[in-house]
Amino acid sequence: MNFRRIFLVKCLLLLFPSVKCSSTSWVYKAVNETALLSIAAPGSIYEATWRKGTQRLVQIRDNRAKHFVNKEQCRCAILRNGTLEIQRLEKEDSGNYTVQVYQKNGQLKAEESIMLLVQEPVPQPILMAECRNKSVSIKCEAKGKAKDEVFLIELTQPNGKNIQKNATVLEWRGWNSGTFRCVVKNKVSEKMAEKAINCSGKMDFYLILSIAGGAVFFVIFVICIIYCIRRRKTKRNEIHGEERAMQTLPVVDHDRGTMRELPPAPSKPTPRQQRVQQRPLPPQPQEPQQPRPQPRPRTQPRTPNPPRHRP
């Protein structure tokens, strides 16, 4: 942009308040398109001259056009309303275009500045995706970018969006499956590539969580079982202790008026005592049986009872 020329125009505006001037506007066009640079000054145009930088291109005066450069080289024309038309745009056509509008008496009516930027259309993006170690790996690439070309590369994934300026490759890696969109765009064009990716990493992640939760639950269950068994065993030992204490207490014999101790409860025989009990006892010598004593005969006869008399 020619800042010196703009500064000069502002100074002229201070000197000539009747002169109107608009701010610099930007126009973006693609290669091989047609650009129309119009004049924003109101009213009819008597004389208008277009320049690119300091070089005069074309002029219209009293509805008659005049070229200062070769028509074929410029590929430009001026319309009756003062609009500059440039056909089959090339990247070399980019630059600052200024127009000066004069009234019929030769007084400057307006001076405008337009910045024209001609850009190449963006290349078709290439979206590559693959599953690595149960995760999704995405690569968005735009090949064929020129050195002076500026565009945005945008990758849309299920949980967000990644944007990078003036880059040719954008990569992303995560666990989310779904639809991925790669967009490459600039001021004059936009192209997109889309692909649906479904990896099993997300399901496996939940499976790992469920297995870990099941293992934790199993450990807690085993701890509860061990605690219940130990508590039951402790309670049983307490009951046996109370029974033994009751058995060792002295018991009062009311018939004899004495106190005696209860015999200890038979304990469980040891394996040695069981073997001793299982051995057969030696035969005992049998004593001759003595005859039972016979009843004595009665020596005195039994006296009969006297008869009872009724009253």
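Analyst: A disulfide here is a pair of cysteine sulfur atoms within 2.5 Å. This is a predicted model, so local features need pLDDT of at least 70, side-chain atom pairs need 80 or more, and totals for chains, interfaces and linings use all residues. Numbering runs from 1 along each chain as its sequence is written, and side-chain values use heavy atoms, without hydrogens or water.

The structure holds two disulfides. Start with cysteine 140 and cysteine 182. Their sulfur atoms are 1.4 Å apart, and they form a disulfide. Cysteine 140 sits in strand E11 (residues 135-141) and cysteine 182 in strand E15 (residues 178-185), so this pair ties together parts that are 42 residues apart in sequence. Strands are DSSP runs (E, at least two residues), numbered from the N terminus. Both cysteine 140 and cysteine 182 are buried. Buried means under 20% relative accessible area, exposed over 50%, and partly exposed in between (1.4 Å probe, protein chains only).

Now the other bond. Cysteine 74 is joined to cysteine 76, with an S to S distance of 1.6 Å. The torsion about this S-S bond is about 115°, so the disulfide of cysteine 74 and cysteine 76 is right-handed. Cysteine 74 counts as buried, at 12% relative accessibility. Cysteine 76 is buried too, with a relative accessible area of 6%.

Two further cysteines need a check. For cysteine 224, the closest cysteine sulfur belongs to cysteine 228, 6.5 Å away, which is too far for a bond. Cysteine 224 is partly exposed, with 41% relative accessible area. Cysteine 228 also counts as partly exposed, at 46%.

Key
Helices (H or I, at least four residues) and strands (E, at least two) are DSSP runs, numbered from the N terminus.
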